[in-house]
Amino acid sequence: MKRVGVFVDVQNVYLTTQALYGQGRINFATLRDYLLRSTDGVVTLTAFTCFDPESDGQRSFRNALGLMGYRVISKPLRRLPDGTIKANMDLDMAVEILTQADYLDEVVLITGDGDFKAIVDALCLKGKIVKIIGPDRMTSPELIQASHQYLNLHRIEGILQTDTNHASRSAPAESEASKSE
């Protein structure tokens, strides 16, 4: 049976969705359902995010992701002496992907960040099928070209959520943690 690892760059997806659609949020339950429905085999879901330890909304968001079936890898954001915020999970995500790669047949990256092109190239050299699900008009062309398949995240039916249902959308406070990558 095919083994598929899905890795979600929460900050990238959140910020690009905000840039494109304003108040729109990603419905992570819809994303999970789409991935499970469209993939034959065993699917594991891993979400990467930084958080403000003082934000109850972000704690609730991470808990909701876990209850939806995502493995959540997170770390607190850092406030630098000059007042800027450091919130980046790219290295953590890259290490996790490469660590799991030998046990997977297919890797799905949900991001538009071109920094992941090197990971895609390494996975392809290992013989893995690599798919990118990235934000509309904001996915790196180099990332798309390096992968075997690209899907526009924002064309998944029901993916954008604009109501106040916190259990299935990105945390409102996520934007502060994400601005200074």
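Two strands pair if DSSP finds at least two bridges between them. In this predicted model, strand 1 (residues 3–9) and strand 7 pair in the parallel sense, and five bridges connect them.

- Six strands form an open sheet in the order 4-3-1-7-8-9, and their pairing is parallel.
- Strand 4 (70–76) and strand 9 (149–152) stand at the edges, where each has a single partner strand, so one side of each lacks a neighbour in the sheet.
- From one strand to the next, the twist averages 20°.

- Strand 7 covers residues 106–110 and is mostly covered, as five of its five residues are buried.
- Burial applies to both faces of strand 7: E106, V108 and I110 are buried on one side, and V107 and L109 are buried on the other.
- On the side of strand 1, the pairing with strand 7 is parallel over five bridges, and V8 stands opposite I110 of strand 7.
- Strand 7 also runs parallel to strand 8 (residues 129–134), to which five bridges join it.

- Helix 5 lies across strand 7 and strand 8, and its direction is at about 155° to strand 8.
- Helix 2 (residues 28–38) lies across strand 1, strand 3 (42–51), strand 4, strand 7, strand 8 and strand 9.
- The angle at which helix 2 runs to strand 3 is about 155°.

**Helix 4 and helix 5**

- Two packed helices are described by the angle between their axes and the distance between the axes.
- For helix 4 (residues 90–100) and helix 5 (residues 117–125), the axes come within 11 Å and cross at roughly 5°.
- Because angles under 35 degrees count as roughly parallel, helix 4 is described as roughly parallel to helix 5.
- Helix 4 contributes A94, I97 and L98 to the contact, and helix 5 contributes I119, A122 and L123.
- By class, this contact of helix 4 with helix 5 has six nonpolar residues, no polar residues and no charged residues.

**D113, a buried loop residue**

- D113 is located in the loop between strand 7 and helix 5.
- The relative accessible area of D113 is 15%, and D113 therefore counts as buried, since buried means under 20%.
- Leaving aside residues up to four places away in sequence, D113 touches D9, N12, D90, S140 and L143.
- D113 and S140 are 27 residues apart along the chain, yet their C-alpha atoms are separated by 6.1 Å.

**R137, an exposed loop residue**

- R137 is located in the loop between strand 8 and helix 6 (141–146).
- Is R137 buried or exposed? Its relative accessibility is 64%, and R137 therefore counts as exposed, the cut-off being over 50%.
- Most residues other than glycine have a negative phi.
- The phi of R137 is near 60°, which is a positive value in a residue other than glycine.

Definitions and conventions:
Residues are numbered from 1 along each chain as its sequence is written. This is a predicted model: local features need pLDDT of at least 70, side-chain atom pairs count only at pLDDT 80 or more; totals for chains, interfaces and linings use all residues. Side-chain values use heavy atoms; hydrogens and water are left out. Axes are lines fitted to C-alpha atoms, for helices over the stretch in contact, and angles run from 0 to 180 degrees between N-to-C directions. Helices (H or I, at least four residues) and strands (E, at least two) are DSSP runs, numbered from the N terminus. Angles under 35 degrees count as roughly parallel, over 145 as roughly antiparallel, 65 to 115 as roughly perpendicular and the rest as oblique. Contact means heavy atoms within 4.5 Å. Ala, Val, Leu, Ile, Met, Phe, Trp, Tyr, Cys and Pro count as nonpolar, Asp, Glu, Lys and Arg as charged, and the others, Gly among them, as polar. Buried means under 20% relative accessible area, exposed over 50%, partly exposed in between (1.4 Å probe, protein chains only).
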